[in-house]
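Let's take a look at how this protein chain folds up. Have the sequence and the 3D view open while you read.

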Amino acid sequence: HGLGLPENYKIVLSPRNVASLYNLDKIVRAIPKVVSKEQNVYFVFIWHAQNTDREKILRDLVLELGIQENVKIVGYVTHEKVALYHKASDIMVSVSKYDSGPVALQEAMACGNVPVISDLPSVREWITNDWNGILVNPNNVDQIADAVIDLLKNDKKRKSYAERNWKLIQEKGDQEY
């Protein structure tokens with residue numbers, strides 16, 4: 001895939017911007033628990049907007065928690081590259097505080113990337129908890145970690161969720177969002 005991601009690792013992707021409403025710090029704080037339970041997992045952070053000092057805060061938190069071996073903060077990528085990251089990933093984590101129409105979710109679903117995502121009305125239109133993704137409280141670090149661990153441990157569950165999501169996108173999705 002040419003993205004510089006480690007081979008034989010499960011990839012967890014955060015494709016949301018670094019603004020505070022997206023709670024990227026909550027995802028970073030969940031990583032130590034995840035890596036204590038699961039070997040060979042790698043978290044990748046990408047976003048669409050050029051960024052400022054919030055990226056430094058995130059990088060500093062990764063260092064403070066000592067998880068730099070399991071994290072790659074790619075930062076800004078062009079929209080064309082987003083699908084490549086989704087396709088290279090096993091799980092997509094998005095824990096924003098609110099979301100009107102989660103395009104990142106639909107992109108993940110179309111690429112076979114299984115979501116761990118905020119339990120929000122706009123998300124429930126697409127995700128049924130424990131049927132095609134896992135809904136979490138966006139402020140609950142343990143819940144985020146546990147959902148990721150659950151999906152990492154269960155390849156069969158991830159595969160069936162991905163298949164359901166692909167069918168759902170074919171039925172409900174529209175490329176002209």
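This is a predicted model: local features need pLDDT of at least 70, side-chain atom pairs count only at pLDDT 80 or more; totals for chains, interfaces and linings use all residues.

Strands β4 and β5 (residues 114-118) run parallel and pair over four bridges. Here, strands are DSSP runs of E with at least two residues, helices are runs of H or I with at least four, and both are numbered from the N terminus. Two strands pair if DSSP finds at least two bridges between them.

Residues are numbered from 1 along each chain as its sequence is written, and side-chain values use heavy atoms, leaving out hydrogens and water.

Now zoom out to the sheet.

Next, helix α3 (residues 79-88). Which of its residues are buried? They are V82, Y85, H86 and A88; buried means under 20% relative accessible area, exposed over 50%, and partly exposed in between (1.4 Å probe, protein chains only). Looking down the axis of α3, you'd find the buried residues within an arc of 165°, so they line one face of the helix. That arc is taken from the directions from the helix axis to the C-beta atoms. E80 and K87, on the other side of α3, are exposed.

What about the inside? The largest nonpolar core has 36 residues, and F43, F45, V93 and V148 touch the most other members. Such a core is a set of buried Ala, Val, Leu, Ile, Met, Phe, Trp, Tyr and Cys residues joined through side-chain atoms within 4.5 Å. Helix α6 (residues 141-153) gives the largest share of this core, seven residues.

| Residue | Where | Relative accessibility |
|---|---|---|
| V28 | helix α1 (residues 24-37) | 0% |
| N23 | loop between β1 (10-14) and α1 | 1% |

Leaving aside neighbours within four places in sequence, V28 is in contact (heavy atoms within 4.5 Å) with F45, L58, L61, V62, L65 and I67. With residues up to four places away again not counted, N23 touches V95, K97, P138 and N139.
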